[in-house]
Amino acid sequence: MTEVFLSCEAVTLKRLGRPAVLDGITLTFCRGELVGLLGLNGAGKSTLLRILMGLLKPTSGTVHLEGELLSSFRSTDVARRLAYVPQGHAAVFPYTVRRMVELGRVPHHGIAGRLGPDDQRKVDAALERLGLCGLADRPVTELSGGERQRVVLARALAQEAVGLLLDEPMTGLDYGHQVRLMGLLAELASEGHLVFLTSHRPEEFFASGSRALVLDGGHIVADGPPEQIVTAERMSRLYGVPLAQIDHAGKRFFHHEENT
Ligand SMILES: Nc1ncnc2c1ncn2[C@@H]1O[C@H](COP(=O)(O)OP(=O)(O)OP(=O)(O)O)[C@@H](O)[C@H]1O
């Protein structure tokens, strides 16, 4: 049986005076999975990711990492196992792209630790994989939104964590970089990483993803292979617009179906 890498049990998140954002969510994730989480704006996708990272404490329920309570790990030990790419990362300090990606090695060496040749190779590989070698000496404060997004992704790769939790990682990327990133995420999953991403583009992970989840009304209302979950019928119901699907060459596309 495949060993569970990350799990949450009966996770509920309530905020004062509002219905629960997450209401008793139980999920398990294994290495090698590429999981896409779909849901409307405000459904609680980022909230779930933050709870799985230990950045937000649920009102009730637990999270386990490698079979141990997440809350029992030191933050650096979490960071050696889980990397997080938040939505819309803002650059505050004018670090160079290389320095930002080097920060991915901090969980391994501490903030004052010196990077050895092996670390530099890992940083170079991450820059290369995200097509950032030409920007390595530029300050991140002078980059475009899409370029900055790729820097944050490269930092997550340099971190060498098994689990990659990515909140809308394609946002701001041009079409070529979206395609390349999806290929890279599929590659990482096949190398044994757990890749968990939120997305507003169901087609995005249809072909490459191994599993799709739908979060609605605080519950996981669908969980399974993308070809069974990412269907026109379900997506129409979720997004409240009539959609038709076209399957072509192992991919699925949706278009708005006008009422006749
Ligand atoms: N710090 C906060 N304080 C109070 N409510 C919050 C806070 N952060 C998020 N929320 C609320 O929690 C709910 C879930 O937010 P979350 O960001 O998890 O949604 P999401 O599914 O990621 O949305 P989107 O697709 O728009 O990014 C929303 O109703 C949001 O308004």
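1. Strand E7 (residues 163-167) runs parallel to strand E8 (residues 194-198), and 5 bridges join the two. Within this pair, Leu165 faces Phe196 of E8. Two strands are taken as paired if DSSP finds at least two bridges between them. Helices (H or I, at least four residues) and strands (E, at least two) are DSSP runs, numbered from the N terminus.

2. On the basis of the description: this is a predicted model, in which local features need pLDDT of at least 70 and side-chain atom pairs count only at pLDDT 80 or more, while totals for chains, interfaces and linings use all residues. Residue numbers start from 1 along each chain as its sequence is written.

3. E7 and E8 belong to an open sheet of 6 strands with mixed pairing, in the order E6-E7-E8-E3-E9-E10. Its edges are strand E6 (82-85) and strand E10 (219-224); each has a single partner strand, so one side of each is left without a neighbour in the sheet. On average, neighbouring strands here are turned by 15° against each other, direction ignored. Axes are lines fitted to C-alpha atoms, for helices over the stretch in contact, and angles run from 0 to 180 degrees between N-to-C directions.

4. Strand E4 (residues 60-65) is joined to E5 by 2 bridges in the antiparallel sense, and His64 stands opposite Leu69 of E5.

5. Helix H1 (residues 45-53) has a place against both sheets. The helix lies across strand E3 (34-38), E6, E7, E8 and strand E9 (211-216), at about 155° to E7.

6. The residues around the ligand are Arg15, Val21, Gly39, Asn41, Gly42, Ala43, Gly44, Lys45, Ser46, Thr47 and Gln87. A residue is counted as near a molecule if its C-beta atom, placed from the backbone, lies within 6 Å of it. By class, this shell has 2 nonpolar, 7 polar and 2 charged residues. Ala, Val, Leu, Ile, Met, Phe, Trp, Tyr, Cys and Pro count as nonpolar, Asp, Glu, Lys and Arg as charged, and the others, Gly among them, as polar.

7. The domain assignment divides the protein chain into domain 1 (4-229) and domain 2 (230-260); such bounds come from an automatic or database domain assignment. The C-alpha centres of the two domains are 27 Å apart. Their contact involves 12 residues from domain 1 and 9 residues from domain 2. On the side of domain 1 that touches domain 2, helix H8 (202-206), E9 and helix H9 (226-229) each supply at least two residues. That side comprises 10 nonpolar, no polar and 2 charged residues.

8. Strand E11 (residues 243-248) and strand E12 (residues 251-256) pair in the antiparallel sense through 6 bridges. Ala244 has His255 as its bridge partner in E12. The two strands, E11 and E12, form a hairpin with 2 residues between them, and Ala249 in the turn has a positive phi of about 50°.

9. As a whole, the protein chain has 10 helices and 12 strands. Its C-alpha atoms fill a box of roughly 60 × 40 × 40 Å, taken along the principal axes.

Key
Contact = placed C-beta atoms within 7 Å.
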